[in-house]
Amino acid sequence: MLLKVNPVVCHIRRYLHKMSLEEAKKIAAYKAVDEFIETGQVVGIGSGSTVVYAVHRLAKKVTKEKINVTCIPTSFQARQLIIGHGLTLSELELHPEIDVVIDGADECDGDLTLIKGGGGCLLQEKIVASCSKKMIVVADYTKDSAKLGEQYKKGIPIEVVPMAYIPIRNKIQNLFGGKLQLRMAVAKAGPCITDNGNFILDWHFPSGNHNWAEINREICMIPGVVETGLFIRMAEKAFFGQSDGTVKERSS
């Protein structure tokens with residue numbers, strides 16, 4: 001006997017699932033800001049949907065506790081968030097040393113190795129993270145994996161100079177296997193263009209155990225590669241919001 005499925009019930013279930021993910025992002029971001037942000041700091045502001053909640057919490061903390069922080073953006077989106085929330089905006093030229101950066105991740109493994117760049121901001125995110133004393137990751141439970149590729153299936157982003165994307169694609173495939181695809185734009189014809197005017201290749205790497213530090217070094221040595229979305233030994237702590245309302249923490 002076939003059972004009829006109520007479409008309204010299905011819609012509610014999907015809505016609740018979406019809300020649980022958003023709530024998970026929110027509680028992770030809030031906890032990170034509450035634990036790591038203090039007055040007088042220079043704070044790096046990452047990119048992505050979870051960071052929106054971190055900036056919201058930071059703005060409330062500034063207003064309520066009267067603290068003074070200076071914010072360094074990692075992208076156009078981050079810059080707009082900082083301005084929109086009335087926070088103090090600055091840049092690396094004026095503040096080359098950052099106390100802490102709060103950023104999201106597309107995936108985080110057991111060693112706090114990250115895949116970042118799903119939103120196309122990997123280069124500026126990595127620059128800001130490299131200038132920071134501490135990198136704190138905020139994410140929901142779907143970004144928490146034992147090893148990379150377990151949950152995130154969109155590959156490792158690699159930012160490349162446009163003229164070199166074909167030879168870079170071929171070299172990486174010959175060296176490490178898998179498949180690289182040129183990321184295409186959503187609302188325009190043609191490739192996705194980063195804030196730095198480059199292309200992104202998404203590397204769908206083969207399964208197995210990988211020495212990500214070695215692979216990252218070799219890829220970065222290919223002429224025309226600007227940066228990879230592999231963040232290795234950069235994150236100090238990660239907060240993962242759970243569907244039950246708790247926050248899971250992992251430290252390096």
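## Glutamine 242 and its surroundings

Glutamine 242 sits in the loop that joins strand S13 (237-241) to strand S14 (247-251), in a model that is predicted. Leaving aside residues up to four places away in sequence, glutamine 242 is in contact with Ala24, Ile27, Tyr141 and Lys248.

## The four-stranded sheet

Four strands form an open sheet in the order S9-S10-S8-S11, and their pairing is antiparallel. Strand S9 (179-182) and strand S11 (225-228) are the edge strands, each of them pairing on one side only. On average, and with direction ignored, neighbouring strands of this sheet are turned by 30° against each other.

Between S9 and strand S10 (residues 199-204), the antiparallel pairing extends over four bridges. Within this part of the sheet, lysine 179 stands opposite histidine 204, a residue of S10.

## Helices packed on the sheet

Helix H4 (residues 122-130) packs on the sheet, where it touches strand S8 (156-160), S10 and S11, and the direction of H4 makes about 65° with that of S11. Helix H5 (residues 165-176) lies across S8, S9, S10 and S11, and runs at about 20° to S10.

Helix H6 (residues 212-220) has as its buried residues Trp212, Ala213, Ile215, Asn216 and Ile219. These residues lie on the same side of H6, because the arc that they cover around the axis is only 165°. The partners against which the buried residues of H6 pack include the helices H4 and H5, together with the strands S8, S10 and S11 of the sheet; strand S12 (230-231) is also among these partners.

When the whole structure is searched, one cavity of 30 Å³ or more is found, and the volume of the largest cavity is about 50 Å³. The lining of the largest cavity is made up of Val33, Ile37, Val43, Ile45, Ala54, Val55, Leu58 and Ile102.

Two elements, strand S1 (42-45) and helix H2 (49-65), each supply at least two residues of this lining. The contribution of H2 is the greatest, with three residues given to the lining of the largest cavity.

Technical notes. Residues are numbered from 1 along each chain as its sequence is written. This is a predicted model: local features need pLDDT of at least 70, side-chain atom pairs count only at pLDDT 80 or more; totals for chains, interfaces and linings use all residues. Side-chain values use heavy atoms; hydrogens and water are left out. Two strands pair if DSSP finds at least two bridges between them. Axes are lines fitted to C-alpha atoms, for helices over the stretch in contact, and angles run from 0 to 180 degrees between N-to-C directions. Contact means heavy atoms within 4.5 Å. Buried means under 20% relative accessible area, exposed over 50%, partly exposed in between (1.4 Å probe, protein chains only). The arc is that of the directions from the helix axis to the C-beta atoms. On a 1 Å grid over the protein atoms alone, a cavity is a set of points where a 1.4 Å probe fits but cannot get out, and a pocket is an open set with protein on both sides within 12 Å along at least five of seven lines; lining residues have an atom within 4 Å of a point. Grid points are joined across faces, edges and corners, and a volume is the space filled by probe spheres set on the points.
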